[in-house]
Amino acid sequence: MPQRDLILLGPPGAGKGTHAEHLQNQMAYLHMSTGDILRAAVAAETELGKQAQAYMNAGELVPDELVIDLVQERMTQLGAEEHYLLDGFPRTVAQAEALTALVAELGRTAALVIYLAVSDEEVVHRLGGRRMCRKCGAIYNVDRDGLDVGDSCPECGGELYLRRDDQPEAVRNRLAVYKQDTQPLIDYYQQRGQLVTVDGEDGQAKVSERVAELAWGGQPD
Ligand code: ADP
Ligand code: ZN
């Protein structure tokens, strides 16, 4: 089975980052997480970071043209034999349309879109318990991993912290933004025949296995 270009879609906390990490360990993917790229830009205080920071802290979306530019820049460097794995992009219909046009321009087959479905209650619960490594970006959960703010990352020893946008008020805002701006992409990709839905609450190992199966030539619903 041929490996497929992939887009991971789903609410914040659906497990996009976690499953992207698993996939990358199993097969060669150019993993592009716009959230990670933007957080790195904020930490490095680049021009992009300065422009993005206030939006991110509030749980708002960064303007389309900024994220479209950074994805475009990386996608055009992709070799024909390489595969990409997008996580956190696209997040608006305008971003999806820009991506569709870019993919066509590059002469690539449309990606498979894996929609990780997770309920609102679960999102609020997961994000409240989520802790991130300041150094390597690894994601942990207070309940699942028994690790909390100030503990060291088992991967790299970095310090774990609570992302500012994982605090309750920003979480509520991110869910609202998701519903308004990102949820319409489910229809967009369904209509284009690119969408596969995976139950994101089905246990991490099972979801991971299903995602890997799909990455190797799975068909849309
Ligand atoms: P999560 O998926 O957990 O909500 P991300 O790490 O993907 O978090 O994104 C964090 C923040 O970065 C978002 O709330 C938003 O401000 C910004 N961001 C990331 N990707 C995009 C995007 N494609 N379009 C606009 N803003 C984005
Ligand atoms: Zn780490």
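## A buried arginine in a loop

Arg-108 counts as buried because its relative accessibility is 16%, and the limit for that class is under 20%. The structure is a predicted model. Arg-108 sits in the loop that runs between α5 and β4. A polar atom of the Arg-108 side chain lies 3.4 Å from the backbone oxygen of Gly-79.

## Other residues in loops and at a helix

Glu-45 is found in a loop as well, the one between α2 and α3. With a relative accessible area of 58%, Glu-45 is exposed, since the exposed class begins over 50%. The backbone of Glu-45 has a phi near 55 degrees, which is a positive value in a residue other than glycine.

Ala-43 belongs to helix α2. Its relative accessible area is 65%, so Ala-43 is exposed. Between Ala-43 and Ala-176 there are 133 residues in sequence and 26 Å in space, taken from C-alpha to C-alpha.

The loop between β3 and α5 holds Pro-90. The peptide bond that joins Phe-89 to Pro-90 is cis, with omega about -5 degrees.

Strands in a sheet are held to each other by backbone hydrogen bonds, in a parallel or an antiparallel arrangement. β4 covers residues 112–117, and 5 of its 6 residues are buried, which leaves the strand mostly covered. β1 and β4 run parallel and are joined by 4 bridges. In this pairing, Leu-8 stands opposite Ile-114 of β4. β4 also pairs with strand β8 (residues 195–199), again in the parallel sense, over 5 bridges. There, Tyr-115 has Thr-197 of β8 as its bridge partner.

## An antiparallel sheet of 3 strands

A separate description applies to β6, β5 and β7: they form an open sheet of 3 strands in the order β6-β5-β7, with antiparallel pairing. β6 and β7 are the edge strands, each pairing on one side only.

Strand β5 (residues 130–133) sends Arg-130 and Met-132 one way and Arg-131 and Cys-133 the other way. All of these residues are buried. On one side, β5 pairs with strand β6 (residues 139–141) through 3 bridges. Arg-130 has Asn-141 of β6 as its bridge partner, and Met-132 stands opposite Ile-139 in β6. The hairpin of β5 and β6 has 5 residues between the strands, and Gly-137 in this hairpin takes a positive phi near 80 degrees.

β5 is also joined to strand β7 (residues 160–161), by 2 bridges. The bridge partner of Cys-133 in β7 is Leu-160.

## The largest nonpolar core

In soluble globular proteins, nonpolar side chains tend to be buried together. The largest nonpolar core here has 32 residues, and those that touch the most other members are Leu-9, Met-75, Tyr-84, Leu-86, Leu-99 and Tyr-189. Elements that give two or more residues to this core include strands β1 (6–9) and β3 (84–87) and helices α3 (47–58) and α9 (184–191). The largest share, 6 residues, comes from α4.

Which residues come nearest to ligand 1? Of the 19 residues around the ligand, these are Thr-34, Arg-39, Glu-60, Gly-88 and Arg-174. The shell divides into 7 nonpolar, 4 polar and 8 charged residues. Helix α2 (residues 34–43) gives the largest share of the shell, 4 residues.

| Residue | Atom of ligand 1 | Distance |
|---|---|---|
| Thr-34 | nitrogen | 2.7 Å |
| Gln-95 | nitrogen | 2.9 Å |
| Lys-16 | oxygen | 3.3 Å |

On its own, ligand 1 has 550 Å² of accessible area, and the protein covers 96% of that area.

Key:
Residues numbered from 1 in each chain as written. Chains lettered and ligands numbered in written order. Predicted model: local features only at pLDDT ≥ 70, side-chain atom pairs only at ≥ 80, totals over all residues. Heavy atoms only, no water. Near = heavy atom within 4 Å. Polar contact = N/O pair within 3.5 Å; in protein donor to acceptor, adjacent residues only side chain to side chain. Areas by Shrake-Rupley, 256 points an atom, 1.4 Å probe, with all protein chains shown as cover. Nonpolar A, V, L, I, M, F, W, Y, C, P; charged D, E, K, R; others polar. Buried < 20%, exposed > 50% of the residue type's maximum accessible area, 1.4 Å probe, protein only. Pairing = 2+ DSSP bridges. Core = buried A, V, L, I, M, F, W, Y, C linked by side-chain atoms within 4.5 Å.
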